[in-house]
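Please read the following explanation alongside the sequence and the coordinates.

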Amino acid sequence: MEIKKTKFDSYCLNGIAEGCKYCVKGEKLVLFVTGICKRNCWYCSLSNKRKNKDVIFANERKCKNIKELFEEVKESRATSAGITGGDPLLFLPRTIKFASELKKRFGKEFHIHIYLPTKFVTAEKLEKLSKVVDEVRFHPEFLINKNTINEDVKKISLAGLFWNKPNIGIELPLLPDKKEEVVNFILKIKDYIGFVNLNEFELSDTNFNIITKNYNLNRGGYVAKGSLEAGRWILDELRRKKVNLKVHLCTAELKNQHQFRNRLKKHKFLPYGKRTEDGTVIYLIVKKKLRGKRKFYDKRKNRTILSEDVARKLLEKPGKYKIIRVEEFPTYDRIEVESGEI
Ligand code: SF4
């Protein structure tokens with residue numbers, strides 16, 4: 001039993017969970033079913049756009065219905081999905097509907113995992129979910145309320161009635177000063193689960209003030225100092241205690257350098273674009289609607305994307321059109337990385 005560094009710059013003991021295998025390859029669509037949650041974790045990283053709002057997002061795309069969800073699956077070329085929130089259990093019929101429609105449309109092998117805060121877990125709800133969800137990841141409450149430990153264990157143990165152990169896990173943020181509590185909790189829960197996922201603690205706009213009050217930052221200022229070290233310490237403790245679980249320390253580097261980049265590289269892009277090695281796409285555009293061959297009008301951004309030969313011809317008539325070279329993400333929000341007139 002040894003701790004291994006993965007090729008995705010994360011660390012693991014005994015391997016990683018099935019859902020993580022799709023995620024690192026950039027194949028998981030993140031289905032955010034609601035921003036409503038009754039837990040109010042002080043470290044919650046949901047953005048203001050999502051926190052405590054009943055909104056649905058498939059990756060970056062705000063969705064109103066299943067049709068838009070399917071469009072996102074196709075455009076992102078996802079082979080699987082991770083359902084998250086908010087608390088998906090507060091909108092259980094919606095969660096089940098979305099998961100079952102995904103299975104119906106993309107096949108049984110379209111892997112679905114779900115994150116569940118433990119607060120509203122019951123056997124009845126888990127049974128319903130288990131018919132459409134392959135893997136369940138609980139977010140226990142003990143990090144915000146020590147008195148819930150036994151309740152957390154009781155609720156998580158119910159999952160064994162409906163899933164096999166390798167498909168039951170817990171997921172926790174790596175708060176540097178809580179590492180002992182995390183190990184103690186894992187020792188209590190280990191017989192009921194198959195894996196643990198520990199996330200290096202990243203900052204967001206919403207938790208920035210409270211995190212910077214309690215912790216220092218490192219590496220470019222978006223990760224809590226000591227979080228990675230706490231994760232390595234936990235892995236080592238579990239190795240020494242011969243805990244037979246898959247334990248994954250999911251680093252910020254994994255998310256930003258591998259998972260996100262791989263997702264960009266898989267994503268479809270608009271006609272006449274050129275993909276860069278980083279997964280971004282370069283377009284030559286005119287910020288108006290132009291008609292004709294080898295041009296594509298992008299309605300959402302009210303711009304015309306030009307093929308290279310058309311752009312070259314237009315450049316021969318200086319002053320007529322302002323041609324801009326844009327580098328952007330191929331994702332639904334099409335965030336620009338760089339742009340400039342040529
Ligand atoms: S359970 Fe999740 S969504 Fe709810 S407050 Fe905690 S971190 Fe935020």
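Asparagine 52 sits in the loop that runs between β3 (28–32) and β4 (57–58). In this predicted model, asparagine 52 has a positive phi of about 55°, although it is not a glycine. Most residues other than glycine have a negative phi. The relative accessibility of asparagine 52 is 45%, so the residue counts as partly exposed.

Lysine 242 also has a positive phi, about 55°, and is not a glycine. Its loop is the one between α8 (227–240) and β13 (246–250). Lysine 242 counts as exposed because its relative accessibility is 66%, and the cut-off for that class is over 50%.

Another backbone feature concerns a peptide bond. Most peptide bonds are trans. The bond joining glycine 85 and glycine 86 is cis, with omega at about 25°. Glycine 86 belongs to the loop between β6 (80–84) and α3 (92–106).

The cysteines come next. How many disulfides does the count come to? The count is zero, where a disulfide requires two cysteine sulfur atoms within 2.5 Å. For cysteine 20, the closest cysteine sulfur is that of cysteine 23, at 6.5 Å, which is too far for a bond. Cysteine 23 is likewise in no disulfide, its nearest cysteine sulfur being that of cysteine 20. Cysteine 20 counts as buried because its relative accessibility is 6%, whereas cysteine 23, with a relative accessible area of 25%, is partly exposed.

Alanine 17 is placed in the loop between β2 (11–13) and α1 (18–24). Is alanine 17 buried or exposed? Its relative accessibility is 3%, so alanine 17 counts as buried. The C-alpha atom of alanine 17 is 7.4 Å from that of proline 166, although 149 residues separate the two along the chain.

The last topic is charge on the surface. Which residues gather in a patch of positive charge there? They are Lys288, Arg312, Lys313, Lys317 and Lys320. One of these, lysine 317, lies in the loop between α10 (308–315) and β18 (324–328). Lysine 317 has 45% relative accessibility and therefore counts as partly exposed. That value is enough for a patch, because patch residues need over 30% relative accessible area and no salt bridge.

Note on methods:
Residues numbered from 1 in each chain as written. Predicted model: local features only at pLDDT ≥ 70, side-chain atom pairs only at ≥ 80, totals over all residues. Heavy atoms only, no water. Patch = residues over 30% accessible without salt bridge, like charges linked within 9 Å, V, L, I, M, F, W, Y side chains within 5 Å. Areas by Shrake-Rupley, 256 points an atom, 1.4 Å probe, with all protein chains shown as cover. Salt bridge = Lys/Arg side-chain N within 4 Å of Asp/Glu carboxyl O. Lys, Arg positive; Asp, Glu negative; His and termini not counted. Charge placed at Lys NZ, Arg CZ, Asp CG, Glu CD. Helix = DSSP H or I, 4+ residues; strand = E, 2+ residues; numbered from the N terminus. Buried < 20%, exposed > 50% of the residue type's maximum accessible area, 1.4 Å probe, protein only.
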